[in-house]
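Here's a quick briefing to read with the model open beside you. Grab a viewer and follow along.

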Amino acid sequence: MSAAQLSLRVAALALGASGHVACAHGPSLGDRMADLDAIAREAREHGAYRCAPEELAIAEAELEFARSELGLGDPARAEEHLVRASANARAALRLSADPSCRASRPASPEASGPSKAERLSMTQPPLRRGSTKEHAAN
Amino acid sequence: MLREREASRALAQAEQAEARTHALYELTTSRLYLAKAREAASEAHYALALDLAERSTESSQRARTLALARESSLGTRPARPGASSSEGVSAE
């Protein structure tokens, strides 16, 4: 086997191994974000804005930070945000499922917090991290 | 940074208006954005820091407005249903 062939074989093995490791890690960050997004949405629909406002806020903000970090190519930091988002989204869902939360649910639309459109308007445009070190004049 | 100082001031005003009691969702959002803005600024990501600081300010202003409105409409502090923790859930 020539040196070039050997290099190719090593590269192919390394590629195969990395693919195997990636599969063994379970769902991708993107998939987990989608799941957590659904959990946070469900918690909100169940009244978490009133019964678990802090947990809901943390879950939503951390999820947004995770998405931003992933978009910026920093999966390690995205993972950190995702872990915090996960713990709080689940806590918000658990607290909003409590009978005392359901029993106290008022009929007004304000009770579920800002609408999705309102929240989007508060969080648009998406977080960005540009090469703007030279534009620090504020 | 000027925007960070504005955001800190807005957050303090929201806290003074009892946002912790009446607008905890908005207050928490504001704190998180401000913390992330400081992190971004410390890494010299100024555009991101500016964006986050502005959002923190918006959220604080909303928290303050809601807190003042809820305080005046209720007259008394509402008891929060459920057992939402005071610090969210630690991921540690």
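What follows is a short tour, grouped by topic.

This is a predicted model, where local features need pLDDT of at least 70, side-chain atom pairs count only at pLDDT 80 or more, and totals for chains, interfaces and linings use all residues. Residues are numbered from 1 along each chain as its sequence is written, chains are lettered from A and ligands numbered from 1 in the order in which they are written, and side-chain values use heavy atoms, with hydrogens and water left out.

**Chain B overall**

- Chain B has four helices and zero strands, and its pattern along the sequence reads α-α-α-α. Helices (H or I, at least four residues) and strands (E, at least two) are DSSP runs, numbered from the N terminus.
- Of the 92 residues in chain B, 46% are buried; buried means under 20% relative accessible area, exposed over 50%, and partly exposed in between (1.4 Å probe, protein chains only).
- Take the contacts in chain B with a separation of 6 or more: 73% of them come from residues 24 or more positions apart. A contact here means heavy atoms within 4.5 Å.
- Chain B exposes about 4,500 Å², with carbon and sulfur atoms supplying 49% of that. Accessible areas come from the Shrake-Rupley method with a 1.4 Å probe, and for residues only the protein chains shown count as cover.

**The disulfide**

- Over all chains, the count comes to one disulfide, defined as a pair of cysteine sulfur atoms within 2.5 Å.
- C51(A) and C101(A) make that bond, with their sulfur atoms 2.0 Å apart. The torsion about the S-S bond is about 95 degrees, so the disulfide is right-handed.
- The bond ties together distant parts of the chain: C51(A) sits in helix 3 (residues 48-51) of chain A and C101(A) in helix 6 (residues 99-103) of chain A, 50 residues apart.
- C51(A) counts as buried at 0% relative accessibility, and C101(A) is buried at 0% too.

**Aromatics across the chains**

- The whole structure holds two aromatic pairs over all chains. Rings of Phe, Tyr and Trp (its six-membered ring) pair if their centres lie within 6.5 Å; planes under 30 degrees apart count as stacked, over 60 as edge-to-face and the rest as tilted.
- One of them joins F65(A) and Y33(B): the ring centres are 5.7 Å apart and the planes at 70 degrees, so the pair is edge-to-face. This pair crosses between chains, from helix 4 (residues 53-71) of chain A to helix 3 of chain B.
- F65(A) is buried at 1% relative accessibility, and Y33(B) is buried at 3%.
- K36(B) has its charged end over the ring of F65(A), 5.5 Å from the centre. The rule asks for NZ of Lys or CZ of Arg within 6 Å of the ring centre and within 35 degrees of the ring normal.

**T29(B)**

- T29(B) lies in helix 3 (residues 24-42) of chain B and is buried at 12% relative accessible area.
- Leaving out residues up to four places away in sequence, T29(B) touches A57(A) and S59(B).
- Its side chain reaches the backbone oxygen of Y25(B) at 2.9 Å.

**Positive phi**

- Most residues other than glycine have a negative phi.
- E18(B), not a glycine, has a positive phi of about 65 degrees. E18(B) is in the loop between helix 1 (2-16) and helix 2 (19-22) of chain B, and is partly exposed at 27% relative accessibility.
- A44(B) also isn't a glycine and has a positive phi of about 65 degrees. A44(B) falls in the loop between helix 3 and helix 4 (46-74) of chain B, and is buried at 18%.

Definitions and conventions: A polar contact is a pair of N or O atoms within 3.5 Å; within protein, one must be able to donate a hydrogen and the other to accept it, and residues adjacent in sequence count only if both atoms are side-chain atoms.
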